[in-house]
Amino acid sequence: MGRVLAVCLVAAERRLDPRKPDRSTAIDKRSVSGPVQVDLLGPRGDHVCDTRHHGGAEQAVYGYSEHEAQRWARELGCELPAGWFGENLRIDGDTTDLVVGTRLRIGTTLELEVTIPRTPCRTFALWSGHENWLRRFTERGDTGTYFRVVSPGPVTAGDALTAVFVPEHGATVRDVFQSSRPDRLRALLSVDDLPPKVARDAQRALNRAN
């Protein structure tokens with residue numbers, strides 16, 4: 001299934017938006033050594049500043065794929081180290097193309113569940129420093145994925161990821177982000193007890209697809 005290449009925590013809060021000079025962001029994340037305990041609301045030692053749009057149980061952990069990061073690095077002509085996308089986990093394996101609701105076991109106790117895609121925002125654009133970043137990122141659609149924490153536990157670089165459950169509906173994080181495969185989106189919405197943000201994003205995607 002893959003493995004964890006790096007575990008990343010916020011290094012420093014940044015003030016990036018000249019229009020909102022008092023607003024900070026925790027997008028600046030860097031890889032750390034040693035095991036990091038992941039609780040229901042995310043890794044210990046990490047935090048978010050904008051709690052209206054980030055964080056919470058359904059966005060407790062953000063993962064980004066190494067192959068997607070390297071594709072961007074080649075296009076942009078610069079290195080994009082672990083944490084550059086604001087991710088907690090840089091993963092050798094799929095993230096955007098995981099089926100929503102997939103449960104991954106990391107190590108012996110940590111279990112994560114795939115929830116929703118990352119929606120690029122102005123802060124991300126300012127952080128990147130690249131022209132037309134929001135449009136380019138959106139068109140590519142390599143969003144990475146958020147996870148909710150089903151079972152807390154430690155994670156460290158090198159840990160293997162094992163899929164312990166994959167839903168039959170087949171709707172991927174990319175399907176939700178790109179509003180593709182409405183048949184899959186309808187099947188996703190028929191699942192009982194969907195986390196609220198998953199149901200919200202899937203319904204919005206289906207509305208756009210229709």
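Here are a few friendly notes on the cysteines and the strand pairing in this predicted model.

1. Let us begin with the cysteines. A disulfide is a covalent bond linking the sulfur atoms of two cysteines. In this structure the count of disulfides is 0. C8, for one, takes part in no disulfide, and the cysteine sulfur nearest to it, that of C78, lies 16 Å away. C8 is also buried, with a relative accessible area of 0%.

2. Now look at C121. C121 is partly exposed, and its relative accessible area is 24%.

3. Next, find the open sheet of 3 strands, with the order β4-β3-β10 and antiparallel pairing. Which strands stand at its edges? They are β4 (42-43) and β10 (153-155); each has a single partner strand, so one side of each has no neighbour in the sheet.

4. You can follow one of these pairings by eye. Strand β3 (residues 36-39) pairs with β4 in the antiparallel sense over 2 bridges. Here D39 stands opposite G42 in β4.

5. Finally, turn to strand β9 (residues 145-151). Strand β5 (residues 61-65) runs antiparallel to β9 and is joined to it by 3 bridges, with Y62 opposite Y146 in β9. Strand β8 (residues 110-117) also pairs with β9 in the antiparallel sense, over 5 bridges. In that pairing, P117 stands opposite T145 in β9.

Conventions:
Residues are numbered from 1 along each chain as its sequence is written. This is a predicted model: local features need pLDDT of at least 70, side-chain atom pairs count only at pLDDT 80 or more; totals for chains, interfaces and linings use all residues. Side-chain values use heavy atoms; hydrogens and water are left out. A disulfide is a pair of cysteine sulfur atoms within 2.5 Å. Buried means under 20% relative accessible area, exposed over 50%, partly exposed in between (1.4 Å probe, protein chains only). Two strands pair if DSSP finds at least two bridges between them. Helices (H or I, at least four residues) and strands (E, at least two) are DSSP runs, numbered from the N terminus.
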